[in-house]
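Please look at the chain below and follow it from its overall make-up to a few single residues.

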Amino acid sequence: MYRLGSHDCDAYQRVDKAYTYSGIGVVIERHKGQVVVRRVLRGSPATGKLHPGARLIAVDGDDPPKLEDWASAIRGAPGTTVDIRVAYPCGGSKTVSITRDVVRMTY
């Protein structure tokens, strides 16, 4: 987003927007009826533990019915742990434990 920074029409200033929440730092989406990791935010608790394209199978043993329920289950108080069962396109699945923290998402 750009905001006019002065009366000079050629002078624009970039304004970043940010969103802060407590969770693991992933962007998830529905793809062909499955919940998948679209992006892992750099420096977030999920960095190195989850990767784009991973299919989420369960969170703390549950399979939430809606995408919003997945997002709510992944979020939580900083310092708490969430167990996520994931499968990757190349095969295999595993459970990863991730400790939630405050995540800042800039867009």
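Helices (H or I, at least four residues) and strands (E, at least two) are taken as DSSP runs and numbered from the N terminus. The model is predicted: local features need pLDDT of at least 70, side-chain atom pairs count only at pLDDT 80 or more, and totals for chains, interfaces and linings use all residues. Residues are numbered from 1 along each chain as its sequence is written, and side-chain values use heavy atoms, with hydrogens and water left out.

Of the 107 residues in the protein chain, 32% are buried, where buried means under 20% relative accessible area, exposed over 50%, and partly exposed in between (1.4 Å probe, protein chains only). Contact means heavy atoms within 4.5 Å. Among contacts between residues at least 6 apart in sequence, 48% join residues at least 24 apart.

Two strands count as paired if DSSP finds at least two bridges between them. Five strands form an open sheet in the order S4-S5-S6-S7-S8, with antiparallel pairing. Strand S4 (26-31) and strand S8 (93-99) are the edge strands, and each pairs on one side only. From one strand to the next the twist averages 45°; axes here are lines fitted to C-alpha atoms, for helices over the stretch in contact, and angles run from 0 to 180 degrees between N-to-C directions. In general, strands of a sheet pair through backbone hydrogen bonds, either parallel or antiparallel.

Within this sheet, S5 and S6 run antiparallel and are joined by two bridges, and Val-36 has Arg-55 in S6 as its bridge partner. On the other pairing of S6, strand S6 (residues 55-59) and strand S7 (residues 81-87) are antiparallel over four bridges. There, Leu-56 stands opposite Val-86 in S7. Helix H1 (residues 67-74) packs on the sheet and touches S4, strand S5 (34-40), S6 and S7. The direction of H1 makes about 65° with that of S6.

What of the loops? Ser-44 lies in the loop between S5 and S6. Ser-44 counts as buried because its relative accessibility is 9%. Its side chain reaches the backbone oxygen of Leu-41 at 2.7 Å, a polar contact (a pair of N or O atoms within 3.5 Å; within protein, one must be able to donate a hydrogen and the other to accept it, and residues adjacent in sequence count only if both atoms are side-chain atoms). Neighbours within four places in sequence aside, Ser-44 is in contact with Ile-24 and Gly-25.

Pro-78 is in the loop between H1 and S7. With 46% relative accessibility, Pro-78 counts as partly exposed. Not counting residues up to four places away in sequence, Pro-78 touches Ser-22, Arg-100, Asp-101 and Val-102.
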